[in-house]
Amino acid sequence: MTAGGSHLEAPQGRRDQGAEPTTTAGPSSLDGSDTQGPPRAHIAVVQGFIGSLLMLVGSIGTGWIANGSPMVRHPLVIALRVEGWGVYTSTVLLTVGAMLLVRSWLRLGQRLQRWPAGAQRSVVLAVCAWSLPLLFAVPIFSRDVYAYIGQGRLVLAEQNPYTTGISTLENWFMLGADPAWAEARTPYGPYFLWLARAVVGLTGAQPDLSVLLFRILACAGVLLCVVYVPKLARLHGIDPARALWIAVANPLFLISFVASAHNDALMLGLAVAGTYFAATGRPFTGVLLVTASIGIKPITILLLPFIGLLWAGPKASWMRKFALWAATAAISFGLLVLSGLPYQLGIGWVWALLDPTPGFTGYSPSGFLSQQLRGLADAVGLPGESMASVLRSVLQYVAIGLVLLLMFRGDDHRVVRRLGLAFAAVVLLSPIIQPWYILWFIPFLAVIGIRDNWQIRSLYVVVTFFVIFGAQDQLSVWPFIELAVDASTIAFATALLFTGYLMLLDLHTRHLLVHGGPTGWLRRRRRRT
């Protein structure tokens with residue numbers, strides 16, 4: 001046992017405690033091949049690569065290009081972004097590519113559902129093949145990466161992004177940032193601001209080169225997840241290939257962290273690596289890595305109490321736990337305070353934790369329930385808006401309460417499970433959920449076992465929903481273009497048609513989405529046989 005109580009290796013004969021056991025007997029596998037034959041994972045890998053290529057091409061016409069980029073003056077780019085046929089073609093290609101990537105992910109899980117020797121290599125190959133076209137695509141599903149350029153320029157200009165918006169910069173709008181960032185303070189940690197400053201210093205704020213460098217930083221986070229998610233899964237007796245397929249190969253992860261270049265990728269990679277080191281008896285390294293993660297995006301401060309529990313080890317006394325919680329906090333906060341000295345950044349990152357973004361998203365549980373409450377209250381003459389606001393606040397306090405409960409109560413041998421559940425509570429009970437927020441806790445749940453039942457089906461639904469949402473919500477179409485049908489409507493209709501195909505017509509995926517997980521259909525086939 002390690003200091004954190006995790007298994008150093010999976011028990012003999014136990015490859016995946018999250019999936020139900022299967023036998024090797026049976027007439028056929030889910031892909032129609034002999035169950036004793038090779039899984040032929042390369043077919044799904046190639047299909048996903050084609051989907052990524054379609055997204056690359058589609059991004060040229062509907063992705064986010066900075067007005068200051070020389071790309072906007074290229075004749076092909078002009079045709080795809082100005083002509084109606086170009087916008088429609090790009091929209092369809094982007095959406096079909098994204099949905100084909102969803103199908104390829106599902107099929108890869110089916111083809112590898114026994115998780116034989118070599119499965120992890122197949123999943124890594126899929127991650128690399130599906131990421132490569134996205135690495136060179138125009139930013140899609142989000143344009144936050146352009147805000148990173150502005151914040152790097154602020155630091156380079158000796159201004160403080162924790163107090164100053166990017167609107168103070170000359171020509172800021174031409175570099176592609178959303179106007180919402182004009183007066184907004186940065187919610188990122190000091191280490192990311194250092195990196196943003198370095199990127200802008202190297203590129204001179206040229207938008208295309210800057211996007212590429214920010215993508216490389218995001219890919220470093222993806223690489224950390226590729227390395228440490230399987231290692232952390234083995235500690236808990238979970239098949240490493242299956243955990244990697246769930247956490248990293250899923251299309252929402254690759255689109256959000258490679259194509260969109262969100263700094264959450266680096267934040268998450270450092271957090272997963274830090275958790276692994278803390279769980280294997282190297283707590284000081286774990287604290288340093290998690291502190292680096294906080295320095296990218298402060299939300300991972302949530303991990304520190306659980307890193308302290310891993311440091312304390314199983315059956316530790318409360319005195320030891322409190323002492324190591326204090327040591328963990330002292331090391332981490334001490335480093336972060338010192339990190340605010342360069343460029344006079346101070347501890348401005350604390351505001352991101354104490355002053356969250358106002359508002360809500362309608363698809364978050366908090367946002368959805370508060371909207372329903374407001375409608376009911378308004379219908380009977382009660383102050384609906386006030387009651388809805390109270391409900392959202394109550395749910396946030398519930399999340400805090402769950403985190404405290406998981407800190408103080410639970411099996412000392414399942415600290416990583418408690419960490420993942422705490423992270424999930426904070427995200428799911430928040431009034432604002434961006435699609436990539438879901439990815440913060442999925443790796444921690446994957447390494448402790450997502451079962452092959454309603455749990456994996458819920459993941460299918462969530463990933464597919466957010467891919468569809470991003471495909472129709474984040475399209476860059478110039479407002480002066482006259483279109484008979486809105487591009488978002490075309491994307492939404494295309495995604496719905498493809499989803500209908502996956503659920504009703506595709507002989508392979510419909511059994512996943514309607515009847516059960518990857519092994520459910522195979523078990524029923526065997527029983528009938």
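What share of the contacts in the protein with a separation of 6 or more is accounted for by residues 24 or more positions apart? Such residues account for 75% of these contacts, a contact being heavy atoms within 4.5 Å. The model is predicted, so that local features need pLDDT of at least 70 and side-chain atom pairs count only at pLDDT 80 or more, while totals for chains, interfaces and linings use all residues. Residues are numbered from 1 along each chain as its sequence is written, and side-chain values use heavy atoms, with hydrogens and water left out.

The secondary structure comprises 22 helices and zero strands; helices (H or I, at least four residues) and strands (E, at least two) are DSSP runs numbered from the N terminus. Of the 529 residues, 55% count as buried, where buried means under 20% relative accessible area, exposed over 50%, and partly exposed in between (1.4 Å probe, protein chains only). The protein exposes about 21,600 Å², of which carbon and sulfur atoms supply 66%; the areas come from the Shrake-Rupley method with a 1.4 Å probe.

Helix 8 (residues 240–247) is mostly covered, with eight of its eight residues buried. Among them are Arg 242, Leu 244 and Trp 245. The cover over the buried residues of helix 8 includes helix 3 (84–111), helix 4 (119–135), helix 7 (207–235), helix 9 (251–259), helix 18 (442–446) and helix 19 (454–473).

Two packed helices are described by the angle between their axes and the distance between the axes. Axes are lines fitted to C-alpha atoms, for helices over the stretch in contact, and angles run from 0 to 180 degrees between N-to-C directions. The axes of helix 10 (residues 264–279) and helix 11 (residues 283–296) come within 7 Å and cross at roughly 165°. Helix 10 and helix 11 are therefore roughly antiparallel (angles under 35 degrees count as roughly parallel, over 145 as roughly antiparallel, 65 to 115 as roughly perpendicular and the rest as oblique). The crossing of helix 10 with helix 11 is left-handed, that is, the near helix is turned anticlockwise from the far one by less than a right angle, clockwise being right-handed. Residues of helix 10 in this contact include Leu 266, Leu 270 and Phe 277, and those of helix 11 include Leu 289, Val 290 and Ile 296. By class, the contact of helix 10 with helix 11 has twelve nonpolar, five polar and no charged residues (Ala, Val, Leu, Ile, Met, Phe, Trp, Tyr, Cys and Pro count as nonpolar, Asp, Glu, Lys and Arg as charged, and the others, Gly among them, as polar).

Helix 11 also packs with helix 12 (residues 304–312), their axes coming within 10 Å and crossing at roughly 175°; helix 11 and helix 12 are therefore roughly antiparallel. Pro 283, Val 287, Val 290 and Ile 294 in helix 11 meet Leu 304, Ile 307 and Trp 311 in helix 12. The residues of this contact comprise seven nonpolar, no polar and no charged.

Helix 19 and helix 20 pack at about 155° with axes 8 Å apart, and are therefore roughly antiparallel. Their crossing is right-handed. The contact involves Thr 464, Ile 468, Ala 471 and Gln 472 of helix 19 and Ser 488, Ala 491, Phe 492, Ala 495 and Thr 499 of helix 20. By class, this contact has five nonpolar, four polar and no charged residues.

Phe 492 lies in helix 20 (residues 487–505) and is partly exposed, with a relative accessible area of 39%. Apart from its neighbours within four places in sequence, Phe 492 is in contact with Ile 468 and Gln 472. Phe 492 and Thr 95 are 397 residues apart in sequence and 8.3 Å apart in space, C-alpha to C-alpha.
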